[in-house]
Amino acid sequence: MTKKTVRAVFDARLSGIQVAGKQRNAIMERIDKEETPVKRKISTSVLIAALMIALLSATAFAAVSLYRSAESGAIQQARQALFEKYGLTPPTLGLFLADASYQGGGWNVTFTPFAGDVFDKGRMGEYAVTLTEGKASAVEWTHDATDPALWRDRGLEALAWGQNQLLLALGQKQEADAANAAAHAGVDKGEAPGLPMEEGMADAAKQALMEQYGFTDATLTLFSAKAIASETSEDGYIDVIYTPDDTKPLGMIGEKMGRYYVTLNPASGEVVKVNWSEDSAWEDKAYTQSDWGSAPAYHAKLLPWMLELFDAVEQIAKPYGLNGPDSMTVYDLGAEDKGAHDQLFRDAGFLPKDGYYRTIPGKNDISYEEALKIARQVLMQDMALTEAQLDAGKFDGEHFPYQDDMAVFFFFFYPAQGPEHYSVLMDARTGEVQHVDVIAGGNG
(Lines give C-alpha, C1' and ligand atoms only; values in the text may rest on other atoms or scores of the structure.)
Protein backbone atom coordinates (compact mmCIF):
# COMPACT_ATOMS: atom_id res chain seq x y z
CA MET A 1 0.00 0.00 0.00
CA THR A 2 1.53 3.30 -1.09
CA LYS A 3 1.61 6.48 0.96
CA LYS A 4 -1.05 7.91 -1.36
CA THR A 5 -3.30 4.93 -0.68
CA VAL A 6 -2.62 5.14 3.04
CA ARG A 7 -3.66 8.79 2.96
CA ALA A 8 -6.87 7.87 1.16
CA VAL A 9 -7.61 5.22 3.77
CA PHE A 10 -7.03 7.61 6.64
CA ASP A 11 -8.96 10.35 4.86
CA ALA A 12 -11.94 8.06 4.60
CA ARG A 13 -11.42 6.91 8.17
CA LEU A 14 -11.49 10.46 9.45
CA SER A 15 -14.41 11.66 7.34
CA GLY A 16 -16.95 10.31 9.81
CA ILE A 17 -15.19 11.36 13.01
CA GLN A 18 -16.78 14.19 14.89
CA VAL A 19 -13.74 16.44 15.12
CA ALA A 20 -13.22 19.95 13.93
CA GLY A 21 -12.35 20.22 10.25
CA LYS A 22 -9.06 21.89 11.02
CA GLN A 23 -8.12 19.12 13.44
CA ARG A 24 -8.89 16.64 10.69
CA ASN A 25 -6.66 18.61 8.31
CA ALA A 26 -3.88 18.45 10.86
CA ILE A 27 -4.11 14.66 10.96
CA MET A 28 -4.06 14.53 7.17
CA GLU A 29 -1.00 16.80 7.11
CA ARG A 30 0.82 14.24 9.24
CA ILE A 31 0.01 11.48 6.78
CA ASP A 32 1.16 13.56 3.82
CA LYS A 33 4.50 14.24 5.48
CA GLU A 34 5.20 10.73 6.71
CA GLU A 35 6.93 8.01 4.76
CA THR A 36 5.24 4.64 4.64
CA PRO A 37 6.60 2.77 7.66
CA VAL A 38 9.33 0.27 6.86
CA LYS A 39 9.41 -2.87 8.92
CA ARG A 40 12.74 -3.18 10.68
CA LYS A 41 13.99 -5.83 13.02
CA ILE A 42 13.83 -4.37 16.49
CA SER A 43 16.94 -4.52 18.59
CA THR A 44 17.49 -6.94 21.44
CA SER A 45 17.68 -4.04 23.90
CA VAL A 46 14.29 -2.75 22.80
CA LEU A 47 12.77 -6.20 23.12
CA ILE A 48 14.22 -6.67 26.60
CA ALA A 49 12.97 -3.26 27.68
CA ALA A 50 9.50 -4.00 26.36
CA LEU A 51 9.42 -7.34 28.13
CA MET A 52 10.56 -5.79 31.39
CA ILE A 53 7.82 -3.18 31.16
CA ALA A 54 5.24 -5.89 30.61
CA LEU A 55 6.54 -8.06 33.43
CA LEU A 56 6.91 -5.27 35.97
CA SER A 57 3.63 -3.51 35.23
CA ALA A 58 1.24 -3.73 38.16
CA THR A 59 -1.80 -3.13 35.98
CA ALA A 60 -4.44 -5.49 34.68
CA PHE A 61 -2.42 -5.66 31.47
CA ALA A 62 0.76 -6.95 33.05
CA ALA A 63 0.71 -10.03 30.84
CA VAL A 64 0.75 -7.99 27.63
CA SER A 65 4.14 -7.93 25.90
CA LEU A 66 4.71 -4.61 24.20
CA TYR A 67 6.80 -4.78 21.03
CA ARG A 68 7.64 -1.82 18.82
CA SER A 69 9.04 -1.22 15.40
CA ALA A 70 12.46 0.41 15.61
CA GLU A 71 11.05 3.70 14.34
CA SER A 72 8.20 3.71 16.85
CA GLY A 73 10.63 2.96 19.65
CA ALA A 74 12.91 5.82 18.57
CA ILE A 75 10.05 8.33 18.49
CA GLN A 76 8.81 7.15 21.89
CA GLN A 77 12.28 7.55 23.41
CA ALA A 78 12.66 10.99 21.84
CA ARG A 79 9.29 12.08 23.23
CA GLN A 80 10.34 11.02 26.70
CA ALA A 81 13.53 13.06 26.37
CA LEU A 82 11.50 16.17 25.48
CA PHE A 83 9.07 15.56 28.34
CA GLU A 84 11.99 15.40 30.76
CA LYS A 85 14.10 18.30 29.47
CA TYR A 86 11.48 20.83 28.41
CA GLY A 87 8.43 19.84 30.45
CA LEU A 88 6.32 19.26 27.37
CA THR A 89 3.23 17.06 27.66
CA PRO A 90 1.41 14.87 25.12
CA PRO A 91 -1.21 17.56 24.28
CA THR A 92 1.41 20.22 23.57
CA LEU A 93 3.77 17.87 21.79
CA GLY A 94 0.74 16.90 19.72
CA LEU A 95 1.20 20.25 17.96
CA PHE A 96 4.37 18.89 16.39
CA LEU A 97 4.98 16.32 13.66
CA ALA A 98 7.53 13.65 14.58
CA ASP A 99 9.87 12.36 11.90
CA ALA A 100 12.54 9.71 12.52
CA SER A 101 15.46 8.73 10.31
CA TYR A 102 18.17 6.15 10.91
CA GLN A 103 21.67 7.32 10.05
CA GLY A 104 25.17 6.26 11.02
CA GLY A 105 24.08 3.73 13.60
CA GLY A 106 21.68 6.06 15.42
CA TRP A 107 18.33 7.78 15.14
CA ASN A 108 17.62 11.44 14.44
CA VAL A 109 14.11 12.43 15.52
CA THR A 110 12.73 15.87 14.71
CA PHE A 111 9.52 17.50 15.92
CA THR A 112 8.27 20.19 13.55
CA PRO A 113 5.25 22.42 14.30
CA PHE A 114 2.36 21.76 11.98
CA ALA A 115 -0.39 23.78 13.70
CA GLY A 116 -2.16 26.39 11.61
CA ASP A 117 -2.13 30.15 11.52
CA VAL A 118 -3.37 30.68 15.06
CA PHE A 119 -0.10 29.23 16.31
CA ASP A 120 3.18 30.99 15.68
CA LYS A 121 5.44 28.31 14.20
CA GLY A 122 8.50 30.53 14.50
CA ARG A 123 8.00 31.00 18.22
CA MET A 124 7.19 27.33 18.68
CA GLY A 125 10.47 26.36 17.02
CA GLU A 126 11.59 22.82 16.30
CA TYR A 127 12.90 20.07 18.55
CA ALA A 128 15.57 17.54 17.65
CA VAL A 129 16.70 14.43 19.49
CA THR A 130 19.69 12.29 18.55
CA LEU A 131 19.72 8.72 19.83
CA THR A 132 23.07 6.93 19.98
CA GLU A 133 23.46 3.40 21.31
CA GLY A 134 19.95 3.51 22.70
CA LYS A 135 20.41 6.78 24.61
CA ALA A 136 19.50 10.41 23.94
CA SER A 137 22.92 11.90 23.17
CA ALA A 138 21.54 15.30 22.14
CA VAL A 139 18.22 17.00 22.93
CA GLU A 140 17.80 20.44 21.37
CA TRP A 141 15.28 23.20 20.70
CA THR A 142 15.47 26.05 18.22
CA HIS A 143 15.20 28.54 21.11
CA ASP A 144 17.76 26.99 23.43
CA ALA A 145 19.93 30.09 23.05
CA THR A 146 17.07 32.50 23.80
CA ASP A 147 17.31 34.07 27.25
CA PRO A 148 14.66 32.31 29.40
CA ALA A 149 13.85 35.69 30.98
CA LEU A 150 12.41 36.70 27.62
CA TRP A 151 9.87 33.89 27.50
CA ARG A 152 9.64 31.49 30.42
CA ASP A 153 7.15 33.43 32.59
CA ARG A 154 5.53 35.45 29.82
CA GLY A 155 2.41 35.07 27.76
CA LEU A 156 1.92 34.65 24.03
CA GLU A 157 3.91 37.83 23.39
CA ALA A 158 7.06 35.94 24.41
CA LEU A 159 9.82 35.51 21.84
CA ALA A 160 9.70 31.73 22.29
CA TRP A 161 6.81 29.43 23.10
CA GLY A 162 7.58 26.73 25.62
CA GLN A 163 5.14 24.52 27.48
CA ASN A 164 3.31 27.39 29.23
CA GLN A 165 2.76 29.39 26.05
CA LEU A 166 1.63 26.32 24.14
CA LEU A 167 -0.96 25.61 26.81
CA LEU A 168 -2.15 29.22 26.65
CA ALA A 169 -2.44 29.06 22.88
CA LEU A 170 -4.32 25.77 23.04
CA GLY A 171 -6.69 27.16 25.64
CA GLN A 172 -7.43 30.29 23.64
CA LYS A 173 -8.05 28.29 20.48
CA GLN A 174 -10.37 25.88 22.25
CA GLU A 175 -12.35 28.76 23.76
CA ALA A 176 -12.62 30.39 20.35
CA ASP A 177 -13.76 27.13 18.76
CA ALA A 178 -16.36 26.59 21.47
CA ALA A 179 -17.67 30.14 21.07
CA ASN A 180 -17.82 29.74 17.31
CA ALA A 181 -19.67 26.43 17.61
CA ALA A 182 -22.16 27.97 20.04
CA ALA A 183 -22.71 30.95 17.74
CA HIS A 184 -23.52 28.67 14.82
CA ALA A 185 -25.61 26.15 16.73
CA GLY A 186 -29.05 25.91 15.23
CA VAL A 187 -28.28 28.42 12.48
CA ASP A 188 -30.57 28.01 9.47
CA LYS A 189 -28.65 26.49 6.57
CA GLY A 190 -30.38 28.94 4.27
CA GLU A 191 -32.72 26.59 2.43
CA ALA A 192 -36.12 28.04 1.73
CA PRO A 193 -39.04 26.16 3.24
CA GLY A 194 -41.05 24.04 0.86
CA LEU A 195 -44.42 25.09 -0.53
CA PRO A 196 -47.59 23.25 0.43
CA MET A 197 -48.00 20.27 -1.91
CA GLU A 198 -51.45 18.91 -2.53
CA GLU A 199 -51.91 15.16 -2.67
CA GLY A 200 -52.69 15.21 -6.38
CA MET A 201 -49.46 17.09 -7.13
CA ALA A 202 -47.41 14.62 -5.10
CA ASP A 203 -49.04 11.69 -6.91
CA ALA A 204 -48.37 13.29 -10.30
CA ALA A 205 -44.70 13.87 -9.49
CA LYS A 206 -44.31 10.36 -8.17
CA GLN A 207 -45.97 8.82 -11.24
CA ALA A 208 -43.73 10.85 -13.54
CA LEU A 209 -40.59 9.51 -11.85
CA MET A 210 -41.88 5.96 -12.04
CA GLU A 211 -42.61 6.26 -15.75
CA GLN A 212 -39.44 8.05 -16.82
CA TYR A 213 -36.82 6.58 -14.49
CA GLY A 214 -38.33 3.33 -13.26
CA PHE A 215 -38.80 4.25 -9.60
CA THR A 216 -40.88 2.06 -7.28
CA ASP A 217 -42.61 2.89 -4.03
CA ALA A 218 -39.70 1.18 -2.24
CA THR A 219 -36.89 3.05 -3.99
CA LEU A 220 -38.65 6.39 -3.54
CA THR A 221 -38.26 5.91 0.23
CA LEU A 222 -34.59 6.76 -0.26
CA PHE A 223 -35.59 10.33 -1.15
CA SER A 224 -37.48 13.19 0.44
CA ALA A 225 -39.59 15.56 -1.64
CA LYS A 226 -40.05 19.32 -1.42
CA ALA A 227 -41.99 21.72 -3.65
CA ILE A 228 -40.59 25.16 -4.52
CA ALA A 229 -41.52 27.91 -6.94
CA SER A 230 -39.90 27.03 -10.27
CA GLU A 231 -36.96 29.24 -11.20
CA THR A 232 -36.65 27.88 -14.73
CA SER A 233 -40.25 27.77 -15.94
CA GLU A 234 -43.15 30.16 -16.36
CA ASP A 235 -44.59 31.95 -13.36
CA GLY A 236 -46.91 29.80 -11.35
CA TYR A 237 -45.16 26.53 -12.08
CA ILE A 238 -43.59 24.57 -9.24
CA ASP A 239 -40.68 22.17 -9.03
CA VAL A 240 -40.97 19.08 -6.89
CA ILE A 241 -37.40 18.22 -5.93
CA TYR A 242 -36.45 14.74 -4.75
CA THR A 243 -33.20 14.70 -2.76
CA PRO A 244 -31.50 11.78 -0.98
CA ASP A 245 -33.03 11.51 2.47
CA ASP A 246 -30.70 13.42 4.81
CA THR A 247 -31.85 11.32 7.78
CA LYS A 248 -29.80 8.49 6.29
CA PRO A 249 -25.99 8.67 6.47
CA LEU A 250 -25.60 8.10 2.74
CA GLY A 251 -22.43 10.14 2.37
CA MET A 252 -20.83 9.70 -1.03
CA ILE A 253 -23.67 7.40 -2.09
CA GLY A 254 -26.13 10.25 -1.65
CA GLU A 255 -24.02 12.54 -3.83
CA LYS A 256 -24.06 9.99 -6.66
CA MET A 257 -27.83 9.48 -6.33
CA GLY A 258 -28.30 13.08 -7.37
CA ARG A 259 -31.55 15.06 -7.39
CA TYR A 260 -34.69 14.58 -9.43
CA TYR A 261 -36.80 17.52 -10.58
CA VAL A 262 -40.44 17.33 -11.62
CA THR A 263 -41.91 20.60 -12.91
CA LEU A 264 -45.68 20.84 -12.53
CA ASN A 265 -48.39 23.25 -13.62
CA PRO A 266 -50.44 23.42 -10.40
CA ALA A 267 -53.46 24.82 -12.19
CA SER A 268 -53.87 21.81 -14.46
CA GLY A 269 -51.83 19.21 -12.60
CA GLU A 270 -49.86 18.64 -15.81
CA VAL A 271 -46.27 17.42 -15.61
CA VAL A 272 -44.23 19.86 -17.69
CA LYS A 273 -40.82 18.17 -17.54
CA VAL A 274 -38.80 15.64 -15.55
CA ASN A 275 -35.02 15.55 -15.22
CA TRP A 276 -32.20 14.18 -13.09
CA SER A 277 -29.12 16.10 -12.02
CA GLU A 278 -26.85 13.16 -12.92
CA ASP A 279 -28.20 12.45 -16.41
CA SER A 280 -24.91 13.53 -18.00
CA ALA A 281 -22.79 11.44 -15.59
CA TRP A 282 -24.85 8.27 -15.88
CA GLU A 283 -23.43 5.49 -18.05
CA ASP A 284 -26.28 3.25 -19.10
CA LYS A 285 -24.62 -0.15 -19.26
CA ALA A 286 -25.31 -3.63 -17.95
CA TYR A 287 -24.42 -3.29 -14.28
CA THR A 288 -24.82 -6.29 -12.00
CA GLN A 289 -25.39 -6.75 -8.30
CA SER A 290 -21.64 -7.22 -7.83
CA ASP A 291 -20.46 -4.05 -9.61
CA TRP A 292 -23.21 -1.44 -9.47
CA GLY A 293 -21.36 0.46 -6.74
CA SER A 294 -18.69 1.40 -9.30
CA ALA A 295 -21.19 3.33 -11.44
CA PRO A 296 -20.40 7.06 -11.82
CA ALA A 297 -23.97 7.86 -10.81
CA TYR A 298 -26.73 5.79 -9.23
CA HIS A 299 -29.72 5.67 -11.55
CA ALA A 300 -33.08 4.61 -10.15
CA LYS A 301 -32.65 1.20 -11.80
CA LEU A 302 -29.74 0.49 -9.41
CA LEU A 303 -31.61 1.47 -6.28
CA PRO A 304 -33.27 -1.95 -5.64
CA TRP A 305 -29.74 -3.32 -5.14
CA MET A 306 -29.02 -0.40 -2.82
CA LEU A 307 -32.05 -1.34 -0.73
CA GLU A 308 -30.84 -4.95 -0.55
CA LEU A 309 -27.42 -3.72 0.56
CA PHE A 310 -29.01 -1.60 3.27
CA ASP A 311 -31.06 -4.58 4.44
CA ALA A 312 -27.82 -6.56 4.86
CA VAL A 313 -26.23 -3.66 6.72
CA GLU A 314 -29.23 -3.56 9.03
CA GLN A 315 -28.57 -7.15 10.05
CA ILE A 316 -25.08 -6.13 11.17
CA ALA A 317 -26.47 -3.11 13.01
CA LYS A 318 -29.25 -4.87 14.91
CA PRO A 319 -27.11 -6.25 17.76
CA TYR A 320 -26.05 -2.67 18.51
CA GLY A 321 -29.62 -1.48 18.86
CA LEU A 322 -29.29 0.47 15.64
CA ASN A 323 -31.73 0.64 12.78
CA GLY A 324 -29.45 0.06 9.84
CA PRO A 325 -28.58 3.00 7.60
CA ASP A 326 -31.33 5.13 9.13
CA SER A 327 -29.53 5.57 12.45
CA MET A 328 -25.93 4.35 12.16
CA THR A 329 -22.54 5.05 10.75
CA VAL A 330 -19.82 2.45 10.41
CA TYR A 331 -18.07 4.01 13.42
CA ASP A 332 -20.89 2.74 15.64
CA LEU A 333 -19.79 -0.85 14.97
CA GLY A 334 -17.16 -3.09 16.53
CA ALA A 335 -13.92 -3.78 14.65
CA GLU A 336 -14.99 -7.12 13.13
CA ASP A 337 -18.40 -5.78 12.14
CA LYS A 338 -16.75 -2.76 10.53
CA GLY A 339 -14.88 -5.25 8.35
CA ALA A 340 -18.06 -7.17 7.57
CA HIS A 341 -19.85 -3.91 6.77
CA ASP A 342 -17.19 -2.76 4.31
CA GLN A 343 -17.01 -6.22 2.70
CA LEU A 344 -20.71 -5.91 1.83
CA PHE A 345 -19.95 -2.69 -0.02
CA ARG A 346 -16.87 -4.10 -1.77
CA ASP A 347 -18.97 -7.07 -2.90
CA ALA A 348 -21.28 -4.53 -4.57
CA GLY A 349 -18.44 -2.87 -6.46
CA PHE A 350 -17.47 -0.09 -4.07
CA LEU A 351 -13.74 0.52 -3.74
CA PRO A 352 -11.50 0.73 -0.66
CA LYS A 353 -10.54 4.29 -1.65
CA ASP A 354 -14.21 5.23 -1.33
CA GLY A 355 -13.97 4.52 2.39
CA TYR A 356 -14.74 0.80 2.39
CA TYR A 357 -11.24 -0.41 3.29
CA ARG A 358 -11.80 -2.18 6.62
CA THR A 359 -11.38 -5.94 6.81
CA ILE A 360 -12.12 -8.76 9.22
CA PRO A 361 -9.05 -9.92 11.20
CA GLY A 362 -7.58 -13.09 9.72
CA LYS A 363 -6.86 -16.40 11.40
CA ASN A 364 -3.16 -15.51 11.74
CA ASP A 365 -3.88 -12.13 13.34
CA ILE A 366 -3.99 -11.42 17.03
CA SER A 367 -7.48 -10.91 18.42
CA TYR A 368 -9.08 -7.50 18.62
CA GLU A 369 -9.15 -7.85 22.40
CA GLU A 370 -5.41 -8.46 22.54
CA ALA A 371 -4.77 -5.55 20.19
CA LEU A 372 -6.85 -3.30 22.43
CA LYS A 373 -4.79 -4.32 25.46
CA ILE A 374 -1.62 -3.39 23.59
CA ALA A 375 -3.10 -0.05 22.56
CA ARG A 376 -4.05 0.71 26.14
CA GLN A 377 -0.62 -0.19 27.44
CA VAL A 378 1.25 1.87 24.87
CA LEU A 379 -0.90 4.92 25.63
CA MET A 380 -0.17 4.52 29.33
CA GLN A 381 3.53 4.26 28.64
CA ASP A 382 3.93 6.88 25.89
CA MET A 383 1.26 9.41 26.78
CA ALA A 384 1.09 9.00 30.57
CA LEU A 385 -2.61 8.16 30.46
CA THR A 386 -4.01 6.28 33.42
CA GLU A 387 -6.26 3.24 33.43
CA ALA A 388 -9.03 5.42 34.83
CA GLN A 389 -8.68 7.83 31.89
CA LEU A 390 -8.68 4.97 29.41
CA ASP A 391 -11.76 3.44 31.02
CA ALA A 392 -13.60 6.76 30.97
CA GLY A 393 -12.79 7.52 27.33
CA LYS A 394 -13.71 5.76 24.10
CA PHE A 395 -11.63 3.50 21.86
CA ASP A 396 -12.55 3.15 18.21
CA GLY A 397 -10.65 0.36 16.47
CA GLU A 398 -10.50 -1.20 13.04
CA HIS A 399 -8.48 -3.61 10.92
CA PHE A 400 -7.27 -3.04 7.36
CA PRO A 401 -4.42 -3.77 4.91
CA TYR A 402 -1.58 -1.30 5.36
CA GLN A 403 1.33 -2.53 3.29
CA ASP A 404 1.57 -5.34 0.78
CA ASP A 405 2.63 -7.80 3.45
CA MET A 406 0.97 -6.29 6.48
CA ALA A 407 -2.48 -5.72 7.90
CA VAL A 408 -2.88 -3.47 10.92
CA PHE A 409 -5.11 -2.65 13.82
CA PHE A 410 -5.65 1.09 14.09
CA PHE A 411 -7.13 2.69 17.18
CA PHE A 412 -8.35 6.18 17.90
CA PHE A 413 -8.79 7.03 21.57
CA TYR A 414 -10.99 9.92 22.68
CA PRO A 415 -10.55 10.94 26.33
CA ALA A 416 -13.64 11.86 28.31
CA GLN A 417 -12.02 15.21 29.02
CA GLY A 418 -9.72 17.20 26.77
CA PRO A 419 -9.92 17.87 23.04
CA GLU A 420 -6.87 15.84 22.04
CA HIS A 421 -7.13 12.49 20.29
CA TYR A 422 -4.65 9.64 20.37
CA SER A 423 -3.89 7.00 17.77
CA VAL A 424 -2.08 3.66 17.81
CA LEU A 425 -1.13 1.64 14.74
CA MET A 426 0.13 -1.94 15.13
CA ASP A 427 0.94 -4.97 13.02
CA ALA A 428 -2.17 -7.16 13.19
CA ARG A 429 -0.20 -10.38 13.01
CA THR A 430 2.49 -9.71 15.62
CA GLY A 431 1.08 -6.84 17.67
CA GLU A 432 4.25 -4.84 16.99
CA VAL A 433 3.50 -1.15 17.49
CA GLN A 434 4.25 0.83 14.34
CA HIS A 435 3.15 4.31 15.31
CA VAL A 436 1.74 6.18 18.30
CA ASP A 437 0.50 9.74 18.01
CA VAL A 438 -1.45 12.51 19.68
CA ILE A 439 -3.38 15.18 17.85
CA ALA A 440 -3.70 18.23 20.05
CA GLY A 441 -7.07 19.97 20.23
CA GLY A 442 -7.43 23.25 18.44
CA ASN A 443 -5.04 22.66 15.58
CA GLY A 444 -5.54 24.98 12.71
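Buried, in what follows, means under 20% relative accessible area. Keep that cut-off in mind. This is a predicted model.

Confidence comes first. Mean pLDDT for the protein chain is 81, and 77% of the residues reach 70 or more. Residues 1-63 have pLDDT below 50, and that stretch has 121 contacts in the model beyond near neighbours in sequence.

Now the aromatics. There are 30 aromatic pairs in the structure. Two rings can be described by how far apart their centres are and by the angle of their planes.

Take Tyr 213 and Trp 276. Their ring centres are 6.3 Å apart and the planes sit at 70°, so this pair is edge-to-face. Tyr 213 belongs to helix 8, residues 199-213, and Trp 276 to strand 8, residues 270-276, so the pair ties together parts 63 residues apart in sequence. Are these two buried or exposed? Trp 276 has 3% relative accessibility, so Trp 276 counts as buried. Tyr 213, at 7%, is buried as well.

Ring pairs join Tyr 213 and Trp 276 with Phe 215, Phe 223, Tyr 260, Trp 282 and Tyr 287 in a cluster.

Next pair: Phe 395 and Phe 411. The centres of these rings are 6.3 Å apart, with planes at 85°, so the pair is edge-to-face. Phe 395 is in strand 9, residues 394-403, and Phe 411 is in strand 10, residues 406-414; they are 16 residues apart. Phe 411 is buried at 1% relative accessible area. Phe 395 has 17% and also counts as buried.

Over Tyr 357 sits the charged end of Arg 358, 4.4 Å from the ring centre.

Terms used: Residues numbered from 1 in each chain as written. Predicted model: local features only at pLDDT ≥ 70, side-chain atom pairs only at ≥ 80, totals over all residues. Heavy atoms only, no water. pLDDT = per-residue confidence, 0-100. Contact = heavy atoms within 4.5 Å. Phe/Tyr/Trp six-rings, centres within 6.5 Å; stacked < 30°, edge-to-face > 60°. Helix = DSSP H or I, 4+ residues; strand = E, 2+ residues; numbered from the N terminus. Buried < 20%, exposed > 50% of the residue type's maximum accessible area, 1.4 Å probe, protein only. Lys NZ or Arg CZ within 6 Å of the ring centre and 35° of its normal.
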